[in-house]
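Please read this briefing alongside the sequence and the model.

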Amino acid sequence: MSARRRDVAAAARAEPAARPASRGRLRAWREQHAWCFAASVRRLAERPLGTLLTVAVMGFALALPLAFYLLLGNVQRLGAALGETQAISVFLKADRDAQAAQALAARLRGRVDVAAVALKTPQQGLQELAALEGFAPALDALGSNNPLPYVLLVEPRPELARAAVTTLVETLRTLPEADLVQDDGAWRERLGALVGVARRAVQLLAVLLALAALLVVGNTVRLDIRSRADEIAVLQLVGASAAFVRRPYLYEGIWYGLCSGAFAALLVLLLELALAGPVARLAGSYGGQLSFAGIALPVLLMVPLLAAALGWLGARLASARHLGATLPR
Amino acid sequence: MIRFDQVSKRYATGQEALSQLSFHVPPGEMVFVTGHSGAGKSTLLKLLALIERPSRGAVTLDGQNLGTVRARGVPRLRRKLGMVFQDHRLLLDRSVFANVELPLVIAGVPPEERAKRVRAALDKVGLLAYEKQPPALLSTGEQQRVGIARAIVAKPALLIADEPTGNLDPQLSVEIMQLFADFQQVGTTVVIASHDLMLIKRMKKRVIVLDHGKLIADLAAAEVA
């Protein structure tokens, strides 16, 4: 007994001198983190249902803007697939022949506001229609009669303002050769504006739902801190710093974020999987020009990371608010 | 080791817990603080652990004026002392081992070293066999000994205990007090607040007697009979 006492006393005296400076501090930091990490995992595992619910709520909140983003991206692709250029289609009157069409094309090429003019013969138009699914029987019924007119595809200069393009369209409408002038650019511009509005809406929605996720984490951590007031008091009494007391809750927030982000990514992948089949069928009926595009993998991988940052922030805010009250004076 | 210099403490409620208290405890001494309930025993210990700050006067611990310790420095100060509470304050959802380990985790001691020191501390209080148990399965006396093991595991220079035998029967109380005396033997300064006069007399250590926050007697070990 007395021999052990002397050992203890000797160890006690040797202790302060044996403490190395910065390496020791780094090691201590690592040890503390390991403990807090384990503590956070244990806490989540202690109440699996509550953890699962929190993760699910956050996951759905994060999946929603991702789903909209997915749909929006595909609507945009649809718009792009319908025509890269802002070409204006001038359908000539049926009685105009190849010579008249070429003469008009040459005249239009001379205009300063026109970049290019392409000529589409009735035969080419027929071939295009034949390539589209479902039109072949109708064309067979036509026999040798081709009712299609010559079409001039007039491409305005790209630097032209919308108003100038409209003026050009009006001018083309007054041409005696023209039967019908169709301005695809206007339609595309309207779609573009619509997509722009939708994009902004999705962005706002994403911010709101991220805020909701932040509140979910914050509230969960707040409740956890309240239910562990005794433990926190003990930690503080045995000399734990504010950072040490806070750390398991921060880890908890990161876990919530990481798991819910992964859950959201999974939901979006399932959504893509569910949509891929029907969209492929739809695309097939439009001649296979269209394919469904999923969210890029790097973006999807970023989701859990961003969600983890969100979880950390939520936990940090909650712990700053609710640990402050119990900190030692 | 401890110096109280004209220390007064008035709580926000207006209650004067301590008034103009002055005394000195040299390193390695064991001191009982006694008096009826409300005499200021607990307040005295709270000032040492910076759970409370004095309204007037200065408390010096190990040469450091506690008035100069800011909120950020409080955890570091608390790591220098071991605290034992009447209601032991253990984490009931953790094992005995994990409870005793806590101060070492906070100090950043590596796991192998922690295990060695936790077992040494548990061995000292005679609970080595219970390390994997949750504290709830232990008797009150055993729980208190776990609390003591936690207080001494980081080898603090000062051990303070607030009514450590308040919930124990006389036989167990003597054993616990003997344990504190053992730590004094190895050089630890020990301050114990207790109202159990019979027990204090038996221990034959210095006794500080408080009444309504005033020091009314300071008996050296030799004077206690």
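Gln20(B) counts as partly exposed because 14 C-beta neighbours lie inside 10 Å; a residue is buried if 20 or more other C-beta atoms, placed from the backbone, lie within 10 Å of its own, exposed if 12 or fewer, and partly exposed in between. This is a predicted model, in which local features need pLDDT of at least 70 and side-chain atom pairs count only at pLDDT 80 or more, while totals for chains, interfaces and linings use all residues. Residues are numbered from 1 along each chain as its sequence is written, and chains are lettered from A and ligands numbered from 1 in the order in which they are written.

**Positive phi in chain B**
- Gln20(B) sits in strand S2 (residues 16–25) of chain B, and its phi is near 45°, a positive value in a residue other than glycine.
- Leu50(B), also not a glycine, has a positive phi of about 55°.
- The loop between helix H1 (41–48) and strand S4 (56–61) of chain B holds Leu50(B); helices (H or I, at least four residues) and strands (E, at least two) are DSSP runs, numbered from the N terminus.
- Leu50(B) counts as buried because it has 21 C-beta neighbours inside 10 Å.

**Helix packing in chain B**
- Helices H3 (residues 96–107) and H5 (residues 140–152) of chain B pack at an angle of about 30°, with their axes 7 Å apart; axes are lines fitted to C-alpha atoms over the stretch in contact, and angles run from 0 to 180 degrees between N-to-C directions.
- H3(B) is therefore roughly parallel to H5(B), a term for angles under 35 degrees.
- H3(B) contributes Val96(B), Asn99(B), Val100(B), Leu102(B) and Pro103(B) to the contact, and H5(B) contributes Val146(B), Ala149(B) and Arg150(B); residues are in contact if their C-beta atoms, placed from the backbone, lie within 7 Å.
- By class, this contact has six nonpolar, one polar and one charged residues; Ala, Val, Leu, Ile, Met, Phe, Trp, Tyr, Cys and Pro count as nonpolar, Asp, Glu, Lys and Arg as charged, and the others, Gly among them, as polar.

**Contact between the chains**
- On chain B, 24 residues are in contact with 23 residues of chain A.
- H3(B) gives the largest share of the chain B side, five residues.
- That side divides into 15 nonpolar, three polar and six charged residues.

**Chain A**
- Chain A has 11 helices and four strands.
- Of its 329 residues, 25% count as buried.

Definitions and conventions: Angles under 35 degrees count as roughly parallel, over 145 as roughly antiparallel, 65 to 115 as roughly perpendicular and the rest as oblique. Two residues are in contact if their C-beta atoms, placed from the backbone, lie within 7 Å.
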